[in-house]
Amino acid sequence: MSETFKPSMLSSTPAAVTVAGIAIIATRCLSVLMLANELGYDEIANFVHRSAQAWDSTLIFIASQLIFLFELRCAFTLMRGNNRGRWGYVVTQVIVLAYMLMASVGWIYPEIFSIPGETNAEIIHHTLLQKVPDVLVLLLLFVPASSRAFFRAR
């Protein structure tokens, strides 16, 4: 059985850390499934084809897949008590938020992962609303005393 899900490991992990780790995994996997369901096979193939048209969009597409896998790795790592998983997740959230804001406002091209809006304030508002679940996960990892003690002890 995986080291992450051994009963002795989960019983010593604070509930907030376990919930945060499971929330990261669940939100990432469910978002991919919901996107695939909404787009369908033809639109996914079209999206990958459009992303492969230029080097810059191909690199951003590959980077998005690597960030997705890195976030999953961070979730499993932090549930084992490794502080690097917690800080790795923070770094990925900062990178994703910065890219989404800059691409949506029009500062970076290509705008593969951008949020549409009429004004910059509206774009920033919608982008920050999309990041609320991630902020809640970060609060679970950094605010409770049991979470801080758990990562400090390891």
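Let's start with helix α7, which covers residues 145-153. Its buried residues (under 20% relative accessible area, with a 1.4 Å probe and protein chains only) are Ser 147, Phe 150 and Phe 151. Viewed down the axis of α7, these residues lie within an arc of 90°, so they line one face of the helix; the arc is that of the directions from the helix axis to the C-beta atoms. Arg 152 and Ala 153, on the other side of α7, are exposed, a word that stands for over 50%.

## About the model

This is a predicted model, where local features need pLDDT of at least 70 and side-chain atom pairs count only at pLDDT 80 or more, while totals for chains, interfaces and linings use all residues. Residues are numbered from 1 along each chain as its sequence is written, and side-chain values use heavy atoms, leaving out hydrogens and water.

## The chain as a whole

The chain has 7 helices and 0 strands; these are DSSP runs (H or I, at least four residues, for helices; E, at least two, for strands), numbered from the N terminus. Buried residues make up 33% of its 154 residues. The C-alpha trace spans about 50 × 35 × 25 Å along its principal axes.

## Where α3 meets α4

How do α3 (residues 55-79) and α4 (residues 83-105) cross, and at roughly what angle? Their axes, lines fitted to C-alpha atoms over the stretch in contact, with angles from 0 to 180 degrees between N-to-C directions, come within 8 Å and cross at roughly 150°. The two helices are therefore roughly antiparallel to each other, a label for angles over 145 degrees.

Terms used: Angles under 35 degrees count as roughly parallel, over 145 as roughly antiparallel, 65 to 115 as roughly perpendicular and the rest as oblique.
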